[in-house]
Amino acid sequence: MTYSTEQKIVLITGANKGIGYATARQLGREGHVVLLGARDEERGQKAEADLVGEGLDARFVRLDVTNLATVEAAAAYIDAEFGRLDILINNAAVTRDRPYRPSELPVAELRAVYETNVFGVVAVTNAMLPLLRRSAAGHIANVSSGLGTIAFLTDPDSPFKDYSRLLGYNSSKAALNAITLIYADELRDTPIKVNAVSPGFCATDLNNHSGTLTADEGGTHIARQATTMSTTGTFLSEEGGVVPW
């Protein structure tokens with residue numbers, strides 16, 4: 001089957017629920033092909049069935065960002081089925097911080113956070129880059145958080161100060177922000193744009209549903225940011241501006 005350049009082939013990691021699922025639904029409604037990366041086969045297939053039931057072109061792709069074999073298999077599938085990838089949304093993320101203080105967080109838990117939030121992003125990005133290079137204008141959207149910016153971490157008056165001591169999550173997002181800048185620099189002379197994107201403070205499983213926006217609202221923000229990139233190497237806010245690093 002031939003796909004036009006207007007119809008984007010989009011891979012979203014962690015897409016079986018929350019913001020990832022909401023992003024997939026929004027992009028599917030816009031007429032794009034959405035590949036639902038998920039490590040749990042049953043949940044991934046259900047997400048696919050639900051979106052297909054809405055008339056959307058959605059495909060479950062088994063993808064555990066911490067398992068290189070599944071990453072490579074996903075890339076091989078996309079290559080065989082579509083021959084290219086237009087948009088990669090690195091959305092999968094975990095937190096293991098609560099109920100620990102930073103000084104009490106077990107190193108094993110910190111390592112688990114980095115396996116998904118940092119190393120997983122690098123593994124998936126590297127595997128998908130050959131496919132993104134075949135796109136007329138590839139986009140990489142790394143779903144980040146203002147909690148990982150130096151601006152937030154050094155602001156004693158932030159209204160979100162209660163979240164400043166999440167050692168694993170915040171530092172992993174700071175690392176993700178740096179990774180975004182480094183890839184953007186390497187790819188600056190190519191058509192591929194690389195940006196960090198913010199869904200806003202959304203109520204999800206990640207924060208015990210304490211956010212002020214819904215996952216659907218966050219997904220709408222990510223879908224817009226991922227498809228309308230005009231710059232590279234920036235942190236795009238949910239409001240359409242730029243977040244200070």
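These legends walk through several close-up views of a predicted model.

**View 1. The whole chain, start to finish.** Reading from the N terminus, the elements go β-α-β-α-β-α-β-α-β-α-α-β-α-β. The C-alpha trace covers about 55 × 40 × 30 Å along its principal axes.

View 2. Seven of them make an open sheet, in the order E3-E2-E1-E4-E5-E6-E7, and the pairing is parallel. Strand E3 (58-62) and strand E7 (235-236) are the edge strands; each has a single partner strand, so one side of each goes without a neighbour in the sheet. As a bit of background, strands in a sheet pair through backbone hydrogen bonds, and they can do this in a parallel or an antiparallel way.

View 3. Now for the pair formed by E2 and E3. Strand E2 (residues 33-38) pairs with E3 in the parallel sense, over five bridges. If you want a spot to look for, find Gly37, which stands opposite Val61 in E3. Helix H2 (residues 41-53) packs on the sheet here and touches both E2 and E3. The direction of H2 makes about 170° with that of E3.

**View 4. H1 alongside H2.** Helix H1 (residues 18-29) packs with H2 at an angle of about 30°, and their axes are 11 Å apart. Angles under 35 degrees count as roughly parallel, so H1 and H2 are roughly parallel to each other. Their crossing is right-handed. On the H1 side, the contact is made by Tyr21, Ala24 and Arg25, and on the H2 side by Ala47, Asp50 and Leu51. Sorted by class, the contact of H1 with H2 has four nonpolar residues, two charged and no polar ones.

**View 5. H1 again, this time with H7.** H1 has another contact to show. The axes of H1 and helix H7 (residues 215-227) come within 7 Å and cross at roughly 60°. That angle makes H1 oblique to H7, and H1 passes H7 in a right-handed crossing. From H1, the residues involved are Gly18, Ile19, Ala22, Thr23, Arg25, Gln26 and Leu27; they meet Ala215, Asp216, Gly218, Gly219, Thr220, Ile222, Ala223 and Thr227 in H7. By class, the contact of H1 with H7 holds six nonpolar, seven polar and two charged residues.

**View 6. H4 and H6, side by side.** Helix H4 (residues 107-132) and helix H6 (residues 167-186) pack at about 20°, their axes 8 Å apart. That makes H4 roughly parallel to H6, and H4 passes H6 in a right-handed crossing. Among the H4 residues in the contact are Leu110, Val113, Tyr114, Asn117 and Val121, while the H6 residues include Leu167, Tyr169, Ser172, Ala175 and Ile179. The residues of the contact of H4 with H6 split into 13 nonpolar, six polar and no charged.

**View 7. H6 over the sheet.** H6 lies across strand E5 (139-143), strand E6 (193-197) and E7. Relative to E6, H6 runs at about 160°.

View 8. Most peptide bonds are trans. Arg98 and Pro99, though, are joined by a cis peptide bond, with omega at about 10°. Look for Pro99 in the loop between strand E4 (87-90) and H4.

**View 9. Glu238 and the residues around it.** The last stop is the segment after E7, where you'll find Glu238. Which residues is Glu238 in contact with, leaving aside its neighbours within four places in sequence? They are Ser198, Pro199, Gly200, His221, Arg224 and Gln225. For a sense of distance, Glu238 and Ile182 are 56 residues apart in sequence and 22 Å apart in space, C-alpha to C-alpha.

Technical notes: Residues are numbered from 1 along each chain as its sequence is written. This is a predicted model: local features need pLDDT of at least 70, side-chain atom pairs count only at pLDDT 80 or more; totals for chains, interfaces and linings use all residues. Side-chain values use heavy atoms; hydrogens and water are left out. Axes are lines fitted to C-alpha atoms, for helices over the stretch in contact, and angles run from 0 to 180 degrees between N-to-C directions. Helices (H or I, at least four residues) and strands (E, at least two) are DSSP runs, numbered from the N terminus. Angles under 35 degrees count as roughly parallel, over 145 as roughly antiparallel, 65 to 115 as roughly perpendicular and the rest as oblique. A crossing is left-handed if the near helix is turned anticlockwise from the far one by less than a right angle, and right-handed if clockwise. Contact means heavy atoms within 4.5 Å. Ala, Val, Leu, Ile, Met, Phe, Trp, Tyr, Cys and Pro count as nonpolar, Asp, Glu, Lys and Arg as charged, and the others, Gly among them, as polar. Two strands pair if DSSP finds at least two bridges between them.
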